[in-house]
Amino acid sequence: MQNTDPTGPIRLLAIRDTPLSVDEVFSAVGDDAAGGTALFAGTVRDHDGHAEGASVTSLAYSAHPTAEGELRRVAERVVADFPVLALAAVHRVGELAIGDLAVVVAVSCPHRGEAFEASRRLIDDLKHSVPIWKHQTFADGTQEWVGAC
């Protein structure tokens, strides 16, 4: 699933089962009027941040069929609330390895502070609202589903 519009502020939105590219996302938000571009890359870590640091051996993401539509709604709210010149967000689904990129978002704005704030809102709202679930398997053989990313 992918949605691109090189002319509007929402330049790239995608949920993919293929590896993500920081360069692709950064390129998508390039704008000559931007004084600041903030980029966030979320990676798969070798431990869980909520299960007392339990060692993670495998991880998979799955998305509800409505996930891309909700991602667009999140992006539209960020564009409405900040002076966004360009925005991009991509999330990975499927089996991922430790160190793989799970999500990459970027926002360009006239000034750096706005870019930081808009990027923070984008990743936080994506994690909170977009129906993407993480399935983790731990070294002790237990498993856990985590709602949203």
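Student: Which side chains does the polar contact of 2.9 Å join, and how should I read it?

Tutor: A polar contact is a pair of N or O atoms within 3.5 Å; within protein, one must be able to donate a hydrogen and the other to accept it, and residues adjacent in sequence count only if both atoms are side-chain atoms. Here the side chains of H135 and Q143 are joined, at 2.9 Å. This is a predicted model, where local features need pLDDT of at least 70 and side-chain atom pairs count only at pLDDT 80 or more, while totals for chains, interfaces and linings use all residues. Residues are numbered from 1 along each chain as its sequence is written, and side-chain values use heavy atoms, with hydrogens and water left out.

Student: Is H135 buried or exposed?

Tutor: Buried means under 20% relative accessible area, exposed over 50%, and partly exposed in between (1.4 Å probe, protein chains only). H135 has 17% relative accessibility, so it counts as buried. Contact means heavy atoms within 4.5 Å, and H135 touches S58, L59, A60, Q143, E144 and W145, not counting residues up to four places away in sequence.

Student: Which strand holds H135?

Tutor: Strands (E, at least two residues) and helices (H or I, at least four) are DSSP runs, numbered from the N terminus. H135 lies in β8.

Student: How do I read the pairing of β4 with β8?

Tutor: Strands of a sheet pair through backbone hydrogen bonds, either parallel or antiparallel. Two strands count as paired if DSSP finds at least two bridges between them. In this model, β4 (residues 56-63) and β8 (residues 132-138) run antiparallel, joined by 7 bridges, and A60 stands opposite H135.

Student: What is the strand order of the open sheet of 4 strands?

Tutor: The order is β6-β4-β8-β9, with antiparallel pairing. β6 (94-96) and β9 (143-146) each have a single partner strand and stand at the edges, so one side of each is left without a neighbour in the sheet.

Student: Which strand is joined to β2 in parallel?

Tutor: That is β5 (residues 86-92), with 6 bridges to β2; R16 has R92 as its bridge partner there. Of the 7 residues of β2 (residues 10-16), 7 are buried, so the strand is largely enclosed by the rest of the structure.

Student: How many helices and strands does the protein have?

Tutor: There are 3 helices and 9 strands, running β-β-α-β-β-α-β-β-β-α-β-β from the N terminus. Buried residues make up 43% of the 149 in the protein.
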